[in-house]
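Try each one before you read its solution.

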Amino acid sequence: MDPAQEVWAAGVTYLRSRTAREQESQTADVYARVYNAERPEIFFKAAGWRVVGPNAPIRVRGDSGWNVPEPEMTLVINRFGEIVGFCAGNDVSSRAIEGENPLYLPQAKVYDGSCALGPGIELAPADALRDLPIHLSIARGGMQAFVGDTRTSQMARTLEELVACLMMELAFPRGVFLMTGTGIIPPEDFSMLPGDLVRVSVAEHTLENPVA
């Protein structure tokens, strides 16, 4: 990945994500308003040099006791704002920190080892991405600790809507990656641990990372 490229992300794009955020947050109505609002939630996730690829370690924050992977289809967008393909992505997040206060979102989402992409890019138009399967599995000690599935067709917003909002006042001369939100949320009593192995599959592409 070009170190100068950026990764951005959209949040609360699936109903399951809105429900989970409401359950974890002390200001739950914020997420209901975002889910139904005209303007989507868009935030900066990582600079290209901070992104890890397949088989590289992701991390949990040392100051958070509740940490989860977020499996997401990640759009590949050229400098003209056109969707040209996709890859698998893991938007690793601290639910404890975000749940305490929505203004802590950057600390919950942006830190070393919190963004993984790969294993490659599949070139495809937006129309081909509207109903792709997304799968998450987490192995712990050689046993399956969590598994979940969703489809991109469950998103409440269109891909074009997310891209248009991102590109509205920002230029990306080298293109940009946009994570499109997650529809798979582990239960409240689950948190990633060092040694876990996280697999995110989007269509035929599987991204695998150990937790450091």
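**Exercise 1. Find where Asn55 sits, and say what stands out about its backbone.**

Start with the place: Asn55 belongs to the loop between β2 and β3. Bear in mind that this is a predicted model. Next, look at the backbone angle: phi of Asn55 is positive, about 70 degrees, although the residue is not a glycine. Why does that deserve a second look? Because most residues other than glycine have a negative phi. Finally, check the surface: the relative accessibility of Asn55 is 56%, and the cut-off for exposed is over 50%, so Asn55 counts as exposed.

**Exercise 2. Which residues are joined by a cis peptide bond, and where does the proline of the pair lie?**

Look for an omega of about 0 degrees: it turns up at the bond between Gly118 and Pro119. Now place the proline: Pro119 is part of strand β7. For context, most peptide bonds are trans.

**Exercise 3. Work out which parts of the chain the salt bridge between Arg50 and Asp112 links.**

Begin with the distance: the closest N and O atoms of Arg50 and Asp112 are 3.0 Å apart, and a salt bridge needs them within 4 Å. Then trace each partner. Arg50 is in the loop between β2 (41-47) and β3 (67-68), while Asp112 is in the loop between α4 (105-109) and β7 (115-123). The two are 62 residues apart, so to speak a link between distant parts of the chain. Now for accessibility: Arg50 is partly exposed at 24%, and Asp112 is partly exposed at 45%.

**Exercise 4. Describe the surroundings of Asp196: is it buried or exposed, and what does it touch?**

Take accessibility first: Asp196 has a relative accessible area of 1%, and the cut-off for buried is under 20%, so it is buried. Its place is the loop between β10 and β11. Next, find its charged partner: Asp196 forms a salt bridge with Arg140, with 2.8 Å between the closest N and O atoms. This pair links distant parts of the chain, 56 residues apart, with Arg140 in strand β8 (residues 133-140). Arg140 itself is partly exposed, at 30% relative accessibility. Now widen the view: leaving aside neighbours within four places in sequence, the contacts of Asp196 include Ile138, Phe190, Asn209 and Val211.

**Exercise 5. How many salt bridges does the structure hold, and which residues are linked in a network?**

Start with the total, which is 12. Then look for residues that are chained together: Lys45, Glu70, Asp91 and Lys109 are linked in a network of salt bridges. For one more pair, go to Arg199 and Glu208, whose side chains meet at 2.5 Å, N to O. Arg199 is partly exposed at 30%, and Glu208 is partly exposed at 24%.

How values were computed:
Residues numbered from 1 in each chain as written. Predicted model: local features only at pLDDT ≥ 70, side-chain atom pairs only at ≥ 80, totals over all residues. Heavy atoms only, no water. Helix = DSSP H or I, 4+ residues; strand = E, 2+ residues; numbered from the N terminus. Buried < 20%, exposed > 50% of the residue type's maximum accessible area, 1.4 Å probe, protein only. Contact = heavy atoms within 4.5 Å.
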